[in-house]
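Please look at the sequence and the structure shown here before reading on. The paragraphs below lead through them step by step, from the whole chain to single residues.

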Amino acid sequence: MGRHARPTRGGNLLSMRSKKQTERRQFLMESSLAYPRGKETSKDEKPHICESCGKAFSTKTDLKRHIFIHTNEKPHSCEQCGRAFSIKSKLKRHLLIHTKKKPHVCEVCNKAFAVKSNLSTHLLIHTKEKPYVCEICGKGFTQSGNLRRHFQTHLDCQP
């Protein structure tokens, strides 16, 4: 599975989730996440390092949240549709979809969105801006997910 891929609903989600939770717990226990409590760090200081990819964080909480990328653990689930999220705030944002309220409206075409960031992404359609560019062929995309999916075509073509 890809870096941000999630298992299909038809897959064995329970065994996959428990395996991922076990992997995450083991990773956290073996990693050097233990820093003295109450230690103050400045925003520039990033003493918390991910052992999987080397990315640095200023807080232990940010590092723990980041580790979900590697474990693919998604403990926060929507009770209405079953979609799972690694971060609780992402679930809260998702719940807006089910309220049917769409307060963010495109001034160009009047399309409405529940989430403001979705409107921002949508506006790229009108500006023709494509900020996500493939490093291999130069093709541009309005969304990072579309670039990731496109990049897979290059990997599939390799012998």
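Two residues are said to be in contact when heavy atoms of theirs lie within 4.5 Å. With that in mind, and remembering that this is a predicted model, we can begin with the chain as a whole: among contacts between residues at least 6 apart in sequence, 21% join residues at least 24 apart. The chain has 159 residues, of which 24% count as buried, and it exposes about 11800 Å², with carbon and sulfur atoms supplying 51% of that area.

If its neighbours within four places in sequence are left aside, Lys 46 is in contact with Ala 56, Phe 57 and Ser 58. Its C-alpha atom is separated by 10.0 Å from that of Leu 63, a residue 17 places away along the chain.

The next stop is helix α2 (residues 60-71), where Asp 62 and Arg 65 are 3 residues apart and therefore separated by about one helical turn. Side chains of opposite charge can pair when their charged atoms come close. The side chains of Asp 62 and Arg 65 meet in a salt bridge, with a distance of 3.5 Å from N to O, and the structure holds 1 salt bridge. Asp 62 is partly exposed, with a relative accessible area of 27%, and Arg 65 is likewise partly exposed, with 39%.

Helix α2 is also the place of His 66, which counts as buried because its relative accessibility is 8%. Not counting residues up to four places away in sequence, His 66 touches Cys 50, Cys 53, Lys 55 and Phe 57. Which side chain does His 66 join through a polar contact of 3.2 Å? The partner is the side chain of His 70. An α-helix has 3.6 residues a turn, so residues three or four places apart point the same way.

Further along, helix α3 (residues 88-99) has 12 residues, which at 1.5 Å a residue should span 16 Å; the C-alpha atoms at its ends are 18 Å apart, in agreement with that expectation. Just after α3 comes Lys 100, which takes a positive phi of about 70°. Most residues other than glycine have a negative phi, and most peptide bonds are trans. Lys 100 has its place in the loop between α3 and β5, and it counts as exposed because its relative accessibility is 68%. Asn 110 also has a positive phi, of about 70°, although it is not a glycine. The loop between β5 and β6 holds Asn 110, which counts as exposed because its relative accessibility is 60%.

Helix α4 (residues 116-127) has 12 residues and reaches 17 Å from its first C-alpha to its last, close to the 16 Å expected. Leu 119, His 122 and Leu 124 are buried in this helix, and the buried residues of α4 pack against β5 (104-105) and β6 (112-113). His 122 counts as buried because its relative accessibility is 9%. Apart from neighbours within four places in sequence, His 122 is in contact with Cys 106, Cys 109, Lys 111 and Phe 113, while a polar contact of 3.1 Å joins its side chain to that of His 126. Just after α4, Lys 128 takes a positive phi of about 65°.

The walk ends at helix α5 (residues 144-157), where Phe 151 is found. This phenylalanine counts as partly exposed because its relative accessibility is 34%. Together with Ile 136 and Leu 155, Phe 151 makes a nonpolar surface patch of about 260 Å².

Technical notes:
Residues numbered from 1 in each chain as written. Predicted model: local features only at pLDDT ≥ 70, side-chain atom pairs only at ≥ 80, totals over all residues. Heavy atoms only, no water. Patch = residues over 30% accessible without salt bridge, like charges linked within 9 Å, V, L, I, M, F, W, Y side chains within 5 Å. Areas by Shrake-Rupley, 256 points an atom, 1.4 Å probe, with all protein chains shown as cover. Salt bridge = Lys/Arg side-chain N within 4 Å of Asp/Glu carboxyl O. Helix = DSSP H or I, 4+ residues; strand = E, 2+ residues; numbered from the N terminus. Buried < 20%, exposed > 50% of the residue type's maximum accessible area, 1.4 Å probe, protein only. Expected span 1.5 Å × (residues − 1). Polar contact = N/O pair within 3.5 Å; in protein donor to acceptor, adjacent residues only side chain to side chain.
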